[in-house]
Amino acid sequence: IIEKLGFKATEVLDPVFLLDGSYWSSLSNDIHDEKYILVYDLNMNHPGVKRLAIELAKKNDWNIYSLNDFRTCPYADKNINDAGPIDFINWIKCAQFVICTSFHGTAFSVLLQKQFYTFPLFGQANSSRMADFLQKINLSSHFIEDSIDVCDVSDIDYCKVQKTIQYYQELSRNWLIGNLNAGLKNEK
């Protein structure tokens, strides 16, 4: 779109990827030792999220914890509505599984190497950022439009994903450093 408008564009990763997962992991305190699925459904209304969470919890004897702001998730065993940024990272890091409708829920699931599925925001057509990112790192199968049967849930091979992420991290860092250096030269 940018190039069609006559500008040069370079696609880079979201800034959270300028730091690797070990950095983000070091910020959390691992206080959650219970086994749970973390649901981060921004609108709290996606039927596919609900179905998958309930089926996975039942199959694995896990609790369902919902990270939300003001609404409560009626099928969750625990609603967390007071999480700050570090708490957000910690809840994802300690989860057995993450189900979300959020780009940053997806990004931190990848950075912290969690098993996860991402759903689009229900009833909205603004999920291309999540879908494009997952396609870029060869995880399109973890972006689910409607629902997924619990029998079809697959594990993520993070060895392959990590190599792809590192490649795009280097490209993004080099672009940023190159443009910062060019800007400094122009100021002189």
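Serine 66 has asparagine 79 of strand E3 as its bridge partner. In this predicted model, local features require pLDDT of at least 70 and side-chain atom pairs count only at pLDDT 80 or more, whereas totals for chains, interfaces and linings use all residues. Residues are numbered from 1 along each chain as its sequence is written, and side-chain values use heavy atoms, with hydrogens and water left out. Helices (H or I, at least four residues) and strands (E, at least two) are DSSP runs numbered from the N terminus.

E3 spans residues 78-80 and runs parallel to E2, to which 3 bridges join it; two strands are taken to pair if DSSP finds at least two bridges between them. E2 (residues 63-67) also pairs with strand E1 (residues 36-40), in the parallel sense and over 4 bridges. Serine 66 in E2 stands opposite valine 39. Of the 5 residues of E2, 4 are buried, and the strand is mostly covered. Here buried means under 20% relative accessible area, exposed means over 50%, and partly exposed lies in between (1.4 Å probe, protein chains only). E1, H2 and E2 make a right-handed β-α-β unit. A crossover is right-handed if, with the strands pointing away from the viewer, the path from the first strand over the helix to the second runs clockwise.

E1 is also joined to strand E4 by 4 bridges, and these two strands run parallel. Leucine 38 stands opposite valine 98 in E4. In E4 (residues 97-100), Phe97 and Ile99 point one way and Val98 and Cys100 the other way, and all are buried. E4 pairs in turn with strand E5 (residues 116-118), in the parallel sense over 3 bridges. The bridge partner of cysteine 100 in E5 is threonine 118. Together with helix H4 (residues 103-111), E4 and E5 make a right-handed β-α-β unit.

The structure holds 11 aromatic pairs. Rings of Phe, Tyr and Trp (its six-membered ring) pair if their centres lie within 6.5 Å; planes under 30 degrees apart count as stacked, over 60 as edge-to-face and the rest as tilted. One of the pairs, phenylalanine 17 with phenylalanine 133, is tilted, at 5.1 Å centre to centre and 40 degrees between the planes. Phenylalanine 17 lies in the segment before H1 and phenylalanine 133 in helix H5, so this pair ties together parts that are 116 residues apart in sequence. Phenylalanine 17 is buried at a relative accessible area of 1%, and phenylalanine 133 counts as buried at 6%. The pair of tyrosine 36 and tyrosine 65 is stacked because the ring centres are 4.6 Å apart and the planes stand at 15 degrees. This pair links distant parts of the chain, with tyrosine 36 in strand E1 and tyrosine 65 in strand E2, 29 residues apart. Both tyrosine 36 and tyrosine 65 are buried.

Side chains of opposite charge can pair when their charged atoms come close. The structure holds 4 salt bridges, a salt bridge being a side-chain nitrogen of Lys or Arg within 4 Å of a carboxyl oxygen of Asp or Glu. Among them is the contact between glutamate 11 and lysine 136 (3.4 Å, N to O). Glutamate 11 lies in the segment before helix H1 (21-26) and lysine 136 in helix H5 (residues 128-136), so the two tie together parts that are 125 residues apart in sequence. Glutamate 11 is exposed, with a relative accessible area of 62%.

Arginine 51 meets glutamate 55 in a salt bridge (3.2 Å, N to O). Both residues lie in helix H2 (residues 47-60), 4 residues apart, about one turn of the helix. Arginine 51 is partly exposed at 33% relative accessible area, and glutamate 55 is partly exposed at 25%. A salt bridge is also formed by the side chains of arginine 51 and aspartate 149 (3.7 Å, N to O). Since arginine 51 lies in helix H2 and aspartate 149 in the loop between H5 and helix H6 (158-187), this pair ties together parts that are 98 residues apart in sequence. Aspartate 149 counts as partly exposed, at 31% relative accessibility. Through shared partners, salt bridges join Arg51, Glu55 and Asp149 into one network.
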